[in-house]
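Here is a short briefing on one protein chain. Look at the sequence and the structure first, then read the points below.

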Amino acid sequence: MVLAHLVHCFHRSCRYGQYTMNQESSTKVTEKPPFDRSSSQDSLDELSMEDYWTELENIKKSSENRQDQDIVVVKEPDEGELEEEWLKEAGLSNLFGESTDDPQESMVFLSTLTRTQAAAVQKRVETVSQTLRKKNKQHHIPDVRDIFAQQTASKEKAPDGTEFRSVGTNENKHQEKDDQASSRLIVGDKELILPMPEEMPASVTDINLEVSFAEQAVSQKDSAKDKTWKTKDSNASLPSFRLPKDKTGTTKMGDLAPQDMKKVCRLALVELTALYDVLGVELKQQKAVKIKTRDSGLFGVPLPVLLEQDQRKVPGTRIPLIFQKLISRIEEGGLETEGLLRIPGAATRIKNLCQELEAKFYEGTFNWENVKQHDAASLLKLFVRELPQPLLGAEHLRAFQAVQNLPTKKQQLQALNLLVVLLPDANRDTLKALLEFLQRVIDNKEKNKMTVMNVAMVMAPNLFMCHALGLKSSEQREFVMAAGTANTMHLLIKYQKLLWTIPKFIINQVRKQNAESHKKDKKAMKKLLKKMAYDREKYEKQDKSTNDADVPQGVIRVQAPHLSKVSMAIQLTEELRASDVLARFLSQESGIAQTLKKGEVFLYEIGGNIGERCLDEDTYMQDLYQLNPNAEWVIKSKPS
């Protein structure tokens, strides 16, 4: 429906000559009233395509008023080079040549992959191998049949060691649901149906995070086509999704230790590629273009550099200070202003404000009273647009654009979830702040006339048309890009609350990798101890009793080194949740510590088959204990 709407608007804009973006067309557009006060909400959305082309024209005009950064145009890499980069990012570079990566770690990683994930890796290894043979590389090229010998049995193992395989899903009878299905697993000789909510509105669909998205796609490939985008109201036309409660706890970005997050990112890359492969959508990474960047300032500065200088002013800052201040300034003027984000500030004034901000922002002498609300909105968009590398990441920008080519809205959401996981921390945090702000603008659409589609159309060019990529765009490319990026922007805004969750099946794969690594480490330690003539039986006895020496069965010991009560033994029950554990500790605080509030300290799962994981308050402790019986439990605050 949206694509048809874009085509309609494209032809309409061509009749006005707007698409060529010459001065005459600009006059014709501005002569038309932007809104008919008596029109319906639908007519507002019909004008949203004009918002896209007008925003694009504003961007081109503003770019004329600044000096372009020097762009080093690189040749388009061949397929083999792209696949090499892909394998390096997945931590598997030792599969095609000399590498500093630990080969043992790679084999553990490969042993945890699903069939579709293994197929995605195998496809890239084969491509690289063929390329290297053509180039007559001298180093040994492994045979992919040797690498994936364990996967050829078409069986997978769950983190608990049981074998499982994914099978077909039952399509829900309700047409209005997007691929609503019950996923079944064969575990041993038993067939399990993953739990579905007992009562759920017909318009809401659960997102299954327990089974690989690519494996779900294999099962659902022949299901009915997605028919959810039918109604005229753009916000209601997208299906509603939700994440079902998980008794072992939902894992959000920022909840894991860096070493585990690194494994999550590698698995997310492989899973994303597998999903696109299964659905027949081409996924090519964009090789980042080298450009000259500034090492200080506000605009056109890499996010890590900007945050480094911000953290010298405000320790622990995760979102650029100028970005926060611009959003604050916009909100000070009220989010009910008509045309907010759509109406630009005067180009000359924006240029002068940029120069003044660069000189005075960090000194604290900049006068924000001189910044009008539309100026602040234009500066915010300029900040995003001028980043040397796109906010959505240079390597995966094409994957974001290709999301619209996936068959169903559920699969598009799954792909966006994986892409958000792959973003660097600074990009992810800044994107989250931006999407939350955009939602607050949309919440006032009755007065500011900015629907989700209007906002998506205005913001899409700023996030996707990054000058750093050095891409020359034709009219046809711009139109295709308009359709794809506006849809993706719409999805990012609509489903933002779901995108910062790490899928459980990936967490389970990380747990399995850690467990396998611990087994190998333990074997190596035993071998070393034996060589050193230690009493092996004594070591094993000590090792066995390390975690539960003084803790009875069904009881966990929780440590809280920074609270008055530094340790407490807690009896596990079916209903005991992480919030209950925190409440018991906080209820015994006194003095200054008594002012601690829920949300300032958290319960952590540390060790066993996970590095470190912050638990959400609804985690059922007995269920998690059964999943990771060797973990330690610690209450502490989150690192800044």
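Gly-611 sits in strand S12, which covers residues 610-614. Helices (H or I, at least four residues) and strands (E, at least two) are DSSP runs, numbered from the N terminus. This is a predicted model, in which local features need pLDDT of at least 70, side-chain atom pairs count only at pLDDT 80 or more, and totals for chains, interfaces and linings use all residues. Residues are numbered from 1 along each chain as its sequence is written, and side-chain values use heavy atoms, with hydrogens and water left out.

**Gly-611 and its partners**
- The C-alpha atoms of Gly-611 and Gln-259 are 7.2 Å apart, although 352 residues separate them along the chain.
- Leaving aside neighbours within four places in sequence, Gly-611 is in contact with Gln-259, Asp-260, Asn-514, Glu-605 and Ile-606. Contact means heavy atoms within 4.5 Å.

**The whole chain**
- The protein chain has 25 helices and 13 strands.
- Of its 640 residues, 49% are buried. Buried means under 20% relative accessible area, exposed over 50%, and partly exposed in between (1.4 Å probe, protein chains only).
- Take the contacts with a separation of 6 or more: residues 24 or more positions apart account for 75% of them.
- The accessible surface comes to about 31500 Å², and carbon and sulfur atoms hold 50% of it. Such areas come from the Shrake-Rupley method with a 1.4 Å probe; for residues, only the protein chains shown count as cover.

- Helix H9 spans residues 213-220 and is mostly covered, with six of its eight residues buried.
- Those buried residues are Phe-213, Ala-214, Glu-215, Gln-216, Ala-217 and Gln-220.
- Ser-212 caps the N-terminal end of H9, with a side-chain oxygen 3.3 Å from the backbone nitrogen of Ala-214.
- Asn-208 is in the loop between strand S7 (204-206) and H9. Asn-208 counts as buried because its relative accessibility is 16%.
- A polar atom of the Asn-208 side chain lies 2.9 Å from the backbone nitrogen of Glu-210.

**Cavities**
- Rolling a probe the size of a water molecule over the atoms shows where empty space is left.
- A cavity is a set of points on a 1 Å grid over the protein atoms alone where a 1.4 Å probe fits but cannot get out; lining residues have an atom within 4 Å of a point.
- By this rule there are three cavities of 30 Å³ or more.
- The largest cavity has a volume of about 40 Å³. Grid points are joined across faces, edges and corners, and a volume is the space filled by probe spheres set on the points.
- Ile-207, Leu-209, Leu-243, Leu-413, Gln-414, Asn-417 and Leu-498 line the largest cavity.

**Positive phi**
- Most residues other than glycine have a negative phi.
- Leu-341 is not a glycine, yet has a positive phi of about 80 degrees. Leu-341 lies in the loop between helix H13 (321-332) and helix H14 (347-360).
- With a relative accessible area of 1%, Leu-341 is buried.
- Lys-449 also has a positive phi, near 60 degrees. Lys-449 is in the loop between helix H19 (445-448) and helix H20 (452-464).
- Is Lys-449 buried or partly exposed? At 22% relative accessibility, Lys-449 counts as partly exposed.

**Lys-284**
- Lys-284 is in the loop between helix H11 (258-278) and helix H12 (303-313).
- Its relative accessibility is 34%, so Lys-284 counts as partly exposed.
- Not counting residues up to four places away in sequence, Lys-284 touches Leu-82 and Arg-398.

Notes:
Polar contact = N/O pair within 3.5 Å; in protein donor to acceptor, adjacent residues only side chain to side chain. 1 Å grid on protein atoms, 1.4 Å probe; cavity = no way out; pocket = protein on both sides within 12 Å on 5 of 7 lines; lining within 4 Å.
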